[in-house]
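Work through these exercises with the model open. Try each task before you read its solution.

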Amino acid sequence: MIILTLRTDKPEAEIGLYDGQMQLAYKTWMAHRQLAETLHRSLEKLLSAHSKVWADIEGIVCFQGPGSFTGLRIGLTVGNTLAYSYGVPIVAMQGSDWIKEGIQHLCNGENQAVVVPFYGAEVHITPQKK
């Protein structure tokens, strides 16, 4: 099972490619405010470096949080969109073992269908000024 992992809760983004529990590749980069611009390119490079295409992805594991409001929204939106588009299962996990636990959930047939962020606190949205 080819599994894509995404973590976008902090300035340093992380993506991984796994074949079951075996790590094929893992990449981190300082995405900071360019996450939306760099995430898809980084995913494409990771896949092509291992002779894979988007359709080869069979499951997705995302880091759920807590973390950056915008970073989590971007990463989970990409994960949800890929899962929906390719009809593959997706799970979101928290904690230091999020990848291992997420892969285990996928291998056990779990599919959360749509994953949502956990921010660690209530979201504070500033009211529009005009």
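A pocket, as used here, is an open set of grid points with protein on both sides within 12 Å along at least five of seven lines. Its volume is the space filled by probe spheres set on those points. The model is predicted.

**Exercise 1. The largest pocket**

Find how much space lies in the largest pocket, and which residues line it.

Solution. 
- Step 1: take the volume. The largest pocket holds about 240 Å³ of space.
- Step 2: list the lining. It consists of Thr8, Lys10, Pro11, Ala31, His32, Arg33, Leu35, Ala36, Ser68, Thr70, Gly71 and Ile74.
- Step 3: assign elements. Helix H1 (35–49) and helix H2 (69–86) are the elements that give two or more residues to this lining. H2 supplies the largest share, 3 residues.
- Step 4: The lining has 5 nonpolar, 5 polar and 2 charged residues.

**Exercise 2. An aromatic pair**

Classify the pair formed by the rings of Phe63 and Trp98.

Solution. 
- Step 1: count the pairs. The whole structure has 2 aromatic pairs.
- Step 2: Phe63 belongs to strand E4 (residues 59–63) and Trp98 to helix H3 (residues 98–107), so the pair ties together parts 35 residues apart in sequence.

**Exercise 3. Backbone exceptions**

Which peptide bond is cis, and where is Pro66 found? What is phi of His32?

Solution. 
- Step 1: recall the background. Most residues other than glycine have a negative phi, and most peptide bonds are trans.
- Step 2: check the peptide bond. From Gly65 to Pro66 it is cis, with omega near 5°. Pro66 sits in the loop between E4 and H2.
- Step 3: check phi. His32 has a positive value, near 40°. His32 lies in the loop between strand E3 (22–30) and H1.

Note on methods. Residues numbered from 1 in each chain as written. Predicted model: local features only at pLDDT ≥ 70, side-chain atom pairs only at ≥ 80, totals over all residues. Heavy atoms only, no water. 1 Å grid on protein atoms, 1.4 Å probe; cavity = no way out; pocket = protein on both sides within 12 Å on 5 of 7 lines; lining within 4 Å. Helix = DSSP H or I, 4+ residues; strand = E, 2+ residues; numbered from the N terminus. Nonpolar A, V, L, I, M, F, W, Y, C, P; charged D, E, K, R; others polar. Phe/Tyr/Trp six-rings, centres within 6.5 Å; stacked < 30°, edge-to-face > 60°.
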